[in-house]
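Trainee: I am new to this structure. Please go through the terms with me and show how each one is applied.

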Amino acid sequence: MNIQQQFKLTGNEKGYWFVSKNGRLWLPNGEVPVGGANDFCFNGLLAQPIGEWQGQTAWLICQEMSHSMSSIRPLLDNSDQSLFNMAGRAVQLSEFYRSHKFCGYCGHEMYISKTEWCCLCSNCKERYYPQISPSIIVAIRDKNKILLAKHVRHNQDNLYTVLAGFTEVGETMEMAVEREVFEESQIKIKNIRYVGSQPWPFPNSLMMAYLADYESGEITIDKNELVDAAWYHYTELPKIPEYGTIARRLIEDTIVLCREYDEFGEN
Ligand SMILES: [Zn+2]
């Protein structure tokens, strides 16, 4: 896209305002505010257009507000996924700029590029781009059942979901899928199919989602990662992630395959 640089607001600018610091976004009344820079007393602040949303400019301001700074997670409930994605871009760029004021090679001060989303060293000319960490998420089916697990971090809210993990250096996505599943559950899988992706800015992941079929093995959980894992018939599911998450989409896709199995046999 056409990158525009940061500049001082005159007050006449209009659009959606993504004000972010520390991985949080300003969400007064739970919404991304829209209007003129003057309406919010933003005159004189540094801002950067980071895209468009609903036909208006999306502005990033890297600072904290005195109230209503929130995780962007509630925006997932919005039916429009693109708002969540834009908010993720804002939060991640803000953190990227904040953590790249100095060069990791030579220690000199850096500046924000005028042509790309990157930071440039004024001394050694090194370029730094925002970090995006690829990760995999995979739903595994055995006949009319789906493998669901309760992660250590969901021990309190009792949420069951599919398996996920980060891709390691030098690994393909498919290798990461097989490795993560085996590490967490000791299950071997086959027929790995790519479904889609979702930016997951907590803090900077990009999730690639897969469906897979059970091949062999008994479930044995990695207790550092999981509290519980089991095969669930598609009509008797525990509490699962909300709509809007790619985990939910994978589960829904698998339910369809489970139902087809019950109606038509092997699929
Ligand atoms: Zn440098």
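Mentor: Start with contacts: two residues are in contact if their C-beta atoms, placed from the backbone, lie within 7 Å. In the protein, among contacts between residues at least 6 apart in sequence, 64% join residues at least 24 apart. This is a predicted model: local features need pLDDT of at least 70, side-chain atom pairs count only at pLDDT 80 or more, and totals for chains, interfaces and linings use all residues. Residues are numbered from 1 along each chain as its sequence is written.

Trainee: What makes asparagine 158 exposed?

Mentor: Asparagine 158 has 11 other C-beta atoms within 10 Å, and therefore falls in the exposed class. Its phi is positive, about 60 degrees, although it is not a glycine. Most residues other than glycine have a negative phi.

Trainee: How do you know that E8 and strand E9 pair?

Mentor: Strands are DSSP runs of E, at least two residues long, and helices are runs of H or I of at least four, numbered from the N terminus. Two strands pair if DSSP finds at least two bridges between them. Three bridges join E8 to strand E9 (residues 119-121), so the two pair, and they run antiparallel. Isoleucine 112 stands opposite cysteine 119 in E9.

Technical notes
A residue is buried if 20 or more other C-beta atoms lie within 10 Å of its own, exposed if 12 or fewer, and partly exposed in between; C-beta atoms are placed from the backbone.
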